[in-house]
Amino acid sequence: MEPGLSIESGSAIRVAVLPVGGPIPSPCLRDYAALVARHACVDLASLRPYYKEHQKSPFAHQPWDAGCLRLKFVLGGCVPSPWEDFQSSRKVLAVVGICHLPSSPDLDRVAADFVDAARSYPSALASRCFAFCPTDAQLVEKKRDDIIIFPPSDQQSLEVHMLTMIQDLAASLLMEFEKWVLRAESTGTILKTPLDSQSSLGSEEVDRMGQSDPVLEDEVKYRYYTIIQLYRRATLQDNAQRSFLSLNRVSPVSFELEAALKLARYLCRRELAKEVSDLLMGAADGAKALIDASDRLILLILYIEIARLFGTLGYKRKAAFFSRQVAQLYLQQDNAYAAMSAMQVLTMTTNAYHVQSRKNNKLDHDSHKELRASNTDSGKVHPQSIVSLFESQWSTLQMVILREILMSSIRASDPLSSWSAAARLLRSFYPLITPAGQSGLASSLGNSADRLPAGTRCADPCLPFIRLHSFPLHPSQRDVVKRNPHKKDWWTGAGPSGPFIYTPFSKAAASGTSKQEVTWIVGEPVQVMVELANPCSFDLVVESIYLSVHSGNFDAFPVSVSLPPNTSKSVLLSGVPTQVGQISIPGCIVHCFGVITEHLFKEVDCLLLGASQGLVLSDPFRCCGSSKFKSVSFPSISVVPPLPLLVANVVGGEGSILLYEGEIRDVLITLTNAGTVPVEEANIALSGKNQDSVISIAHSTWKSALPIKPGGEVTFAVTLRAWHLSLADSEADGSRSPVNSRRTAREGINPFLDIHYAGPAANAENGDVSLPPGRRLAVPLNICVVQGLRLVRARLLSMEIPAQFTEAHLSPVSRKDYISTGTDTAHGDDNLLTIDPCKGSWGLRLLELELFNPTDVVFDVDVAVHLDGTNVDQKLIDEGTAVDAACQKTRIDRDYSARVLIPLENFKLPVLDASFFIKESGSTEPLGSKAAAIAERNAKAELNASINSLISKIKVKWHSGRNSSGELNIKNAIQAALQASIMDILLPDPLTFSFKLAKNGSAINVVSSKDSGNPDDDSGHFTDENVILSTKNAQRCEDLISAHEMTHMVVQIRNNTKEIIRMNLSISCKDVAGENCFDENSATVLWAGVLSDVHLEVPPLQEVAHPFSVYFLVPGDYSLQASSLIIDATDVLRARAKAESSDEPILCRGSPFHIRVVGKV
Amino acid sequence: MIVCVAVVGHQNNPLYLQSFTEADDALKLHHIVHCSLDVIDERVNNPKRSAPTLNETFLGLLYPTENYKVYGYLTNTKVKFIMVTTDIDVKDADARNFFRKFHAAYVDAVSNPFHVPGKKIASRSFGSRVSTIVKSFGAGTTV
């Protein structure tokens, strides 16, 4: 029995094909044999040129037009069948030698070899020796008759050549047959067995036999069953007589099986499937009788034939089952070739069991890919893959097949196949394999890889399982902005247009492009996060893994990963796009267990989908403790040409910029172009919170640096002012130590520099100007504001300093000086609190700021007051510091508090004067009354405005360390402190009194005091301040006023309003005890002139003098004070005096004036 | 005697496969059940044209193999029931009856709201019910 049995096989002429000469490499041998074997059927018509018909040819009536001669080529020859005399189809009638010339240089040897080989086939009527691939030396050799050398040429001409040779062979066979028939004698008729009648069906008859001719079919079946019956009867006889045909070892079953196979092949059609199946199953059952070891070959052939016939019938599972039987028979033989055959047979069954190697369904795979591409929604899994998931549940059978493939391939020493089988087994069925089995597979993978050359690729992935985790966008990718070519501000087009936050149109457009789009830039690295899982019980070392990109415009960077048993790991895979275009990433290339494989994401997605529905064995990620399956849709990735890439660097450190509250600092920002394209345009704007903390940006600096060439950089300054901590922040800071609190910069409160920039417009090939996308760089200004100096309290203090005599008062010259320069001096003297000695500082107002330094650095505080646009540093009195040291900065140590005094009196007049000095052309006369009138008439808002203007002129600046400086924000505190008595601070009094000495009645000495519109208040605080008089001044005064001398004095009254003031003036003098010296009963002072109820009228902005003389009887200290009762006071005056009723008398009182009277020596 | 019963889903995925023999022949029975799908596929793809068989669920003897006979049953939802028996002479009526009970048990099992369609049936009550049916089949033939 032999493979390929059919009804026609009886009519075929058997030709032995024998390799001769030197060893032939098996692929070559396969090629040569295939070249010969393709001519199994030679048309009779084509034989005509080679066939010389005999005169009395018995073949004249053969169907020369349509008939054909069947040849059956048996590679390697066959043992002569004992039946060949009875069934001449078993006889080898021709011998063909095949020689591979490169391995057989000696042609004589080849010829001798061939003759030897052909000798074992005595029945051969014709012989040919074909030699292939001649060397140059052999070509030039003399042509030989016994060896036909095929000249080296392409496959097609080789085939033509071979056809000619076979036709020649067939023709010579035919002529031999002719001779034989002519010579045949009637006595020599060959004995025919009953089975030989089968082969009497000529080829032409079979050809004519329509497949659907029921009559013929019945005839065939009838003959078959008759023959079987006859045969069985004969067998019984034979068994009885033990003499049948005198042949011993012919199993009677084989003929029956042969016949059954012939019939099955003949009937093999779908409509007759049941009948054929029954025949084949019957034959398979009948083979049970073939238990003898020598029958193994018959069994093998039987199973092969059954498998083939089932395959033809479309019963792929049964075909696979019998193929596996074949493989098992092969595996019973202990040699590598049998194992190879077993492996190949098993490989054919893998499709039926759905464990096929991906190598074999590469074509399917490609078509799937096209389907997938045409399928718009990528989330849907192709139905085909779902089906394969279902089929994969025949795990018992699948594992057996894979294990057998693994075993046979190891025995056949095919490391790649065994690697592939082990990989498939491990990947698909790891949950069903014991840990020991898993390790065994891992080691067989390793062993196979050891025998493979390095860098071998296998189509079947093994471990680990890889799924796409996410697409982390590099900051630079995220900031690619499409340019709107119609706008100068091209970056603005990206946002939603129109007044509505929600528009149905934009929504529709967004959902239409639901697929995420990612832009990658040539030359800039990108990253993809994948998740690897090793669900097996051994340590998995992934030697390298990188993204697989088929479009060839991506350089992937490999990384190596080690996965402990039952773990999963997320890995960032990176790479660089190299060319403009689209990129699709179907999976990863993995170098693991010594072999390179490609792992496709969609396969794992299918698997996970199946696992989520409970259709497959296990979810490799979940059993590794990874999170639940979420489908990550792969974005469409397009690569654009290189863009400029700005990198911002805040000079002085990456961390946050630590600022004390109110601190003002310049921060330098360096922009570096890290790209390969110059930055041609840019725009810097602010975004985020606390934008007002950025005072200024040095736009001109960076603008002048454009274009920024690749590698170029520009540094520009941004001026920052720290914002003020809210109350909650302050409290939080207070409760914690400052060191900790300063680090707690909160997220989301920082301003950003939004830098939009773009490279040059590219000229496309068609002449259009295409705008490559621009970019956005957001530079966060990480400002960390910490508590600086803290204002504990602000309050208003009053202080009264009486006026005193000085030497200057004596001299008219000095007085003149004083008049002309007094105010200037007051203004110009920068740092000292200047008190006009004529007027004193009755009712001096001081703003006291109590500051506390909770930080761990030292602060220096400066108070500055802006006047008339010039920065005049006024006065600073620190607590515990003498007046003359006031110009120095106040240093506040850590954890100390300090008080800063700001005198308000001294810039009161100038402040108010400021607006009037201009109008009055340098007049020194203050026009306060006018101002007061205006201020009082105006609404409260105006008052507030003036308060604000006053407050805004007071600036408390601080310095700390080398480069920290800022300003305290104390406006609210000052305002609260000043609110109550703002009028007293801002407005001058309506009348100003001053005393002067008049020597000899002409020269005037001065003692001045100021009147206050609010005598009740004024007398309050510092009534006893008279003692402040310094001894030095007192010494000087000794010479001036002596007791027992007439002292001529004058009181000057100045009207500070714009209206005439009429009044009753009174002058009082008190001694140190406070007794009134102008009393009738007093014996200490005598006087001349009117001292009380002096009726005076003072014109607006004018002075009136009232002379009088005093005569001190007792030396000592006296104080003079002038006061006026205003007659018919105007509303302004009443308001200024805060009169409560209209008939209340308005009294103006000057500040006390100290006189030291010395006795005569 | 029934040696094996199986339920195969509409995608030819095994849903339930249970053998009732002592011998270690699970692989062989798997193969027999798997191979029987060829016949069922063929019947499904080439339905007989005659009207009475259109709604017929019982497929009859699928094929004989070695000592076994394989019977099949196909529901409207293309779920297949397969029975492998060693009995030489099985009456069609008995086989039909068996499959009807088997089908009912299957319907009850998949009506469980916790059952995932397409997943293997792991219900123990289904298993015990099936073995009862299998035993009663053997009893029926002997009686």
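This is a predicted model: local features need pLDDT of at least 70, side-chain atom pairs count only at pLDDT 80 or more; totals for chains, interfaces and linings use all residues.
I started with the contact between the chains: chain B and chain A bury about 2,600 Å² between them, with 59% of it on carbon and sulfur atoms. Buried area here is the accessible area (1.4 Å probe) that two parts lose on being put together, summed over both. On the chain B side, I found that His31(B), His34(B) and Asp38(B) lose the most area to chain A, together 26% of what that side buries.

Residues are numbered from 1 along each chain as its sequence is written, chains are lettered from A and ligands numbered from 1 in the order in which they are written, and side-chain values use heavy atoms, leaving out hydrogens and water.

Next I looked up who takes part. Chain B gives 29 residues to the contact and chain A gives 27, with contact meaning heavy atoms within 4.5 Å.

Then I checked salt bridges (a side-chain nitrogen of Lys or Arg within 4 Å of a carboxyl oxygen of Asp or Glu). There are two between chain B and chain A. I looked at Arg317(A) with Asp41(B), where the closest N and O atoms are 3.1 Å apart.

Arg38(A) and Glu159(A) meet in a salt bridge at 3.2 Å, N to O. Arg38(A) sits in the loop between helix H1 (26-37) and strand E2 (41-43) of chain A, and Glu159(A) in helix H4 (residues 155-183) of chain A, so this pair ties together parts that are 121 residues apart in sequence.

Last, the second largest cavity. A cavity is a set of points on a 1 Å grid over the protein atoms alone where a 1.4 Å probe fits but cannot get out, and lining residues have an atom within 4 Å of a point. Residues from both chains line this one, including Phe321(A), Phe322(A), His31(B) and Tyr63(B). H1(B) gives the largest share of the lining, four residues.

Technical notes
On a 1 Å grid over the protein atoms alone, a cavity is a set of points where a 1.4 Å probe fits but cannot get out, and a pocket is an open set with protein on both sides within 12 Å along at least five of seven lines; lining residues have an atom within 4 Å of a point. Helices (H or I, at least four residues) and strands (E, at least two) are DSSP runs, numbered from the N terminus.
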